[in-house]
Amino acid sequence: MSESEALIGELRDLATRYGAAPAEVLPTRPDVTVVRAGAVVVKAHSPGTARAPLERRIRAAAHPALREIMLQPVTGEILVAGDRLVTVWPAGTPVDPRSPQAAPWEEAARLLARLHAVPSRALPPLPPAGGPARVATTVARLDPGSPAGILVRRTLACLPPPADGPGSLTHGDWHMGQMVRLRGEWLLIDVDDLGTGDPAWDLARPAAWFAAGLLEPEVWHRFLAAYRAEGGHAAGTGDPWPRLDLPAQALTVQLTAAAVAKAEHEGRPPDEVERVLLDTCRRIVRFRDACHSVPTQ
Amino acid sequence: MQCPKCRGAMRTYERNGVHIDQCDGCRGIFLDYGELETLTRMESQWAQQHHTAPPPPPPPMPHGAPGWGAPHHGHYGHHRQRSWVGMLFST
């Protein structure tokens, strides 16, 4: 029996115990395993996940201040299966990837705005949010010698380091797969990157998709308008780009690195969407170079 | 005219329309009102003739789109494309 089969066997046992129903493996990203049984899911976190920060994040998710914003765990306890940390959650209905046109952009924006408005002092202390660190680790996985790898690294090298600041509560890895519907309400899921940080990073993925020309301007503006109408402060007021430029550029680098790594892994040239991202990287380099060479007076 | 620093005698030169008073004693230079600006202007003209000008700063974008964004229309025909949907839903 392989290691992953053994893990899935243990997760099935745990899920069945909590959910009292037959267990099934749900599709998710490769470093995480999720098994559902009836009304619960059990999640084996990524290998190497540290226990102490995960405990703090689970405690935050269970806190009343995040009720109706984030999914609350079934138990605050962290279980173990093999060498993996496991948490237990209510099973919700995710956004349907087969109909991306029906994706709940406004609901997402409102949830993020409300998350960003929760004062950090209302919660137990949290580790830094996960966004900025992920950019470098994703780029590090690329073949450094390929033309795409060279371009992605060069783009990353153009970007100034993210500014340190007091920060606010930030999801740290928001995308359309990070929401479920439970009892008719949308909620944010996945505490793995939850923490204190620049909340603009939670808007950076859609901002990057819009800037690349992949997300329709109409959808982007609906998302941003809903975020601001709910009191979201991460994009400032007026022109959002002074706050969004750097995180959206960094996310473009990350998305390009992940997309190119996938194409390399599948042994094929970049497809149209991946080429759009590579073009965006080229524009970022030109934009940053032009900014640097403006004489200061 | 007497040098304000060392009290030496100052001699007046004219170079390309700029009056320069230079002290024979300490070699200090005195510029009349507006002459420094004239020199600066002439220097920058010279620099422009002898170096390629720096690239202009990125033009300000209309409110709502970043300067590094997609130039015209986007690529919105990709909604059925696997890699776009995959990206929308993955870490």
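Modeller: Happy to. In chain A, five strands make an open sheet in the order β1-β2-β3-β5-β4, with antiparallel pairing. The edges are taken by β1 (23–26) and β4 (79–81) of chain A, and each has a single partner strand, so one side of each is left without a neighbour in the sheet. On average, and ignoring direction, neighbouring strands of this sheet are turned by 30° against each other. Please keep in mind that this is a predicted model.

Within the sheet, β3 (residues 40–44) and β5 (residues 84–90) of chain A pair in the antiparallel sense over five bridges. To find one of these on your screen, look for A:A44, whose bridge partner in β5(A) is A:V86. Helix α1 (residues 3–19) of chain A lies across β1, β2 (33–37), β3, β4 and β5 of that chain, and runs at about 35° to β2(A).

Now for the helices. Helix α6 (residues 204–212) and helix α8 (residues 241–265), both of chain A, pack at an angle of about 80° with their axes 8 Å apart. They are therefore roughly perpendicular to each other. From α6(A), the contact uses A:A204, A:R205, A:A207, A:A208, A:A211 and A:A212. From α8(A), it uses A:L244, A:P247, A:A248, A:A250, A:L251, A:T252 and A:L255. By class, the residues of this contact divide into 11 nonpolar, one polar and one charged.

Helix α6(A) is mostly covered, as nine of its nine residues are buried. Among them are A:P206, A:W209 and A:F210, and A:R205 is buried too.

On the α4(A) side you will find A:P132, A:R134, A:V135, A:T138 and A:V139, and on the α8(A) side A:A250, A:V253, A:Q254, A:A257 and A:A258. The classes here are seven nonpolar, two polar and one charged. You can pick out A:A250 in the contact with α6(A) and again in the contact with α4(A).

Leaving aside residues up to four places away in sequence, A:T170 touches A:A129, A:G195, A:T196, A:G197, A:D198, A:P199, A:W201 and A:D202. A:T170 and A:A117 are 53 residues apart in sequence, and their C-alpha atoms are 9.6 Å apart in space.

Finally, two backbone details. Most residues other than glycine have a negative phi. A:R183 is not a glycine, yet its phi is positive, about 50°. A:R183 sits in the loop between β8 (179–182) and β9 (185–188) of chain A, and it counts as exposed because it has 7 C-beta neighbours inside 10 Å. In chain B, B:R7 has a positive phi near 70°, again in a residue other than glycine. Look for B:R7 in the segment before β1 (10–15) of chain B; with 10 other C-beta atoms within 10 Å, B:R7 is exposed.

Key
Residues numbered from 1 in each chain as written. Chains lettered and ligands numbered in written order. Predicted model: local features only at pLDDT ≥ 70, side-chain atom pairs only at ≥ 80, totals over all residues. Pairing = 2+ DSSP bridges. Helix = DSSP H or I, 4+ residues; strand = E, 2+ residues; numbered from the N terminus. Axes fitted to C-alpha atoms, helices over the stretch in contact; angles between N-to-C directions. Contact = placed C-beta atoms within 7 Å. Parallel < 35°, antiparallel > 145°, perpendicular 65-115°, else oblique. Nonpolar A, V, L, I, M, F, W, Y, C, P; charged D, E, K, R; others polar. Buried ≥ 20, exposed ≤ 12 C-beta atoms within 10 Å, placed from the backbone.
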